[in-house]
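Please look over the sequence and the fold before reading the points below.

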Amino acid sequence: MSYRVGVDIGGTFIDFCFFNEQTDDIFTLKVLTTPSKPGSEVMEGLKIAQSRHGIEPSEITSFVHGTTVGVNTLIQGVGARLALFATENFEDVLELARLRMPETYNLQSSRPDPLVAKDLVFSIRERMRSDGKVLRSLDRDSVIAAIERAREKGAEGIIVALINAYRNADHEREVVRIVREVAPELFVFASTDIWPVIREYERTTTAVINGYVHPRVAHYISSLQEALREHAVEPEPLVTKSNGGIMNAELGKENCVSMLLSGTASGVMGGAFVASRAGCMDALTIDIGGTSADVAVIIDGKPQFAAGEKVGPHSLYVPAVAVSSIGEGGGSVAWVDDFGVLKVGPESAGSDPGPACYGRGGTKPTITDAFAVCGLIGHESLAYGSISIDVDKARAAVGTIADRLGWSLEATAQAIINVAISGMYLEINKLIARHGIDVRSFTLVAFGGAGPMLAPMLALELGIRQVLVPTTPGVVSALGGLVSDIRNDFIASHYLTVAPDNMEAIRAGFAELKSEALAWLRDEQKFKGEPTYLLSADMNYAGQSFEIEVDLEANWLEGEDVTAIIDAFHARHVQLYDFHDADAEVNIVNLRLVVTAAGPRPELKSVPVSPAPAEPARYVPSTFADKKVQAGLYLRSDLVPGHSFEGPAIVIQSDTTTCVPEGFSASVDGFGNIMLQATAEKTLI
């Protein structure tokens, strides 16, 4: 046998998805994370897979890994101590940023502190003109002086970001060479090697984020590589990327910023794959784990991408799957503020000690504890038998909130659930407004350990009538690694007017990007097949300060079809802003190229459906929306395609629990997905 393995690490569990390439069977597994020994849970999972399913390490042909090491490092503020080398008189690039207030109408709002302290920014005497010509040659002595001062300040690494380096990177490369010569103990990155764009702030901050997370990401990947070798897993591991693709793990040590949202993007790709196979081409995916709820938009079967996504207080300017992360997951802690208002999150109990009901020492009330108090979970063990729910401990934890508010246990637990759903509703509405979509015709695809618990209640609030719960919702993010293509983004700044005289330069720019992309694919990824190229450009009207990305066709470039390019920009501008200026000059700011290479991927099996009512294993007392009911308890392993049942109901399986409120009917489709259809209007909040 041969197996492809997808692995995803979250805040509470590490998920495994094993795909048998001969039989098309999929095996899944969840293991609690061990924050004190990151990476050891990967080895533990492989050992369990070997003993439980007979999967030998030598049978693993591909190992794809999604990780939160980079994003956690950034959010927690525990990255490297960096020095920034900037062109003399341009040292304040990080301080100035874009001069935007984080909250436009909040006069008390403040921007986050830069990741490089002011006293660690050093001047380099040089000057490159905007046309790429040298105005002032690089002064080696200023570089040596900056290195010595960086050493004195205890810098661990250096970021080199010089003015106009996007046009000519010679000075940046020379500074990097000098640093490696004089201070080999310091790691160093040039901004143009990370993201060579025209704007200094975006280019600089992207390189800084890359350097900030570099030591931890590189250490984690090296530890993973060594552990896999010791476990006799031969293939070089791959890592998932923020843009929904995968790449060689070795590259992740240097190009850390491209895998910052690694685990989050994996979930979106897995959710999009499951939804499209089920015929749900327009969907919202919601991945609720122990720490957060991640929401993304799928249109026509394709995830949406964006630049400038927020990671904590920081913006990520490399292309990434557009995801909104909400600080509310199954382990999110409920608390009461000084004004007596019930709040949920963003603090999470994580996996150690975890929610109180896990019986691992946690005492703070969480969303999971609220579900236990309501009788919605705890009827069977969770996480493939690794956790048994202790309802008494959940009641004791929720009781601390109930006593302070003067409410009953059940009312307090329901209030915790309602507050969590309200917080998700607020943030998801922002995402919906940004994309300008009406989600009432969309399907809500729920996964993650807590996704199927909360999604049906959230769907009623959003006006969504259909919820899809995959066969193994707890490990969809791990599945995402198995269905992702090799993918990389390339960009080059070429400030040109869209006119016949500039078409040759535009074609040449794309040809250079294509050559770079092919070299990356062949040399770095060892891919020998035929790739696919996606072309686009960042464009604006003359005089506009910012630009929008517009998809382009290769035949427009080959045929020098200026009109088609301009019309595509007008159409995109109308789509986003509801107007266009037919008489204005149109500019190209950046050329973009995405290279993708599709590999083998699992095909979900579909079987004929024979409609029949499902019989519950038993009925259990539960509380749905402050209403005590006898809910039908169904075992997911007993449900087959064609089965149907009505809410209120609870479906239990190894990796999650699905809560079906009153007002929903459920059926099992040919792929084994549970499809929930709302039969009543909003009743929960």
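Strand 1 (residues 3-9) and strand 4 (residues 60-66) pair in the parallel sense over six bridges, where helices (H or I, at least four residues) and strands (E, at least two) are DSSP runs numbered from the N terminus, and two strands pair if DSSP finds at least two bridges between them. The model is a predicted one, in which local features need pLDDT of at least 70 and side-chain atom pairs count only at pLDDT 80 or more, whereas totals for chains, interfaces and linings use all residues. Residues are numbered from 1 along each chain as its sequence is written, and side-chain values use heavy atoms, with hydrogens and water left out.

**Strand 33 and its partners**
- Ala649 and Val651 point one way from strand 33 (residues 649-652), Ile650 and Ile652 point the other way, and all are buried.
- Strand 33 runs parallel to strand 31 (residues 627-635), to which four bridges join it, and Val651 is the bridge partner of Tyr634.
- Strand 34 (residues 657-660) is antiparallel to strand 33 and joined to it by four bridges, Ile650 stands opposite Cys659, and a hairpin through four residues links the two strands.

**Arg636**
- Arg636 is placed in the loop between strand 31 and strand 32 (643-646), and it counts as buried because its relative accessibility is 10%.
- A polar atom of the Arg636 side chain lies 3.0 Å from the backbone oxygen of Pro470.
- Residues touched by Arg636, not counting those up to four places away in sequence, include Val469, Pro470, Val651, Ile652 and Asn673, where contact means heavy atoms within 4.5 Å.

**The second largest cavity**
- Leu376, Gln414, Ile417, Met457, Thr623, Phe624 and Ala625 line the second largest cavity.
- The elements that give two or more residues to this lining are helix 12 (409-435) and strand 30 (618-624).

Conventions:
Buried means under 20% relative accessible area, exposed over 50%, partly exposed in between (1.4 Å probe, protein chains only). A polar contact is a pair of N or O atoms within 3.5 Å; within protein, one must be able to donate a hydrogen and the other to accept it, and residues adjacent in sequence count only if both atoms are side-chain atoms. On a 1 Å grid over the protein atoms alone, a cavity is a set of points where a 1.4 Å probe fits but cannot get out, and a pocket is an open set with protein on both sides within 12 Å along at least five of seven lines; lining residues have an atom within 4 Å of a point.
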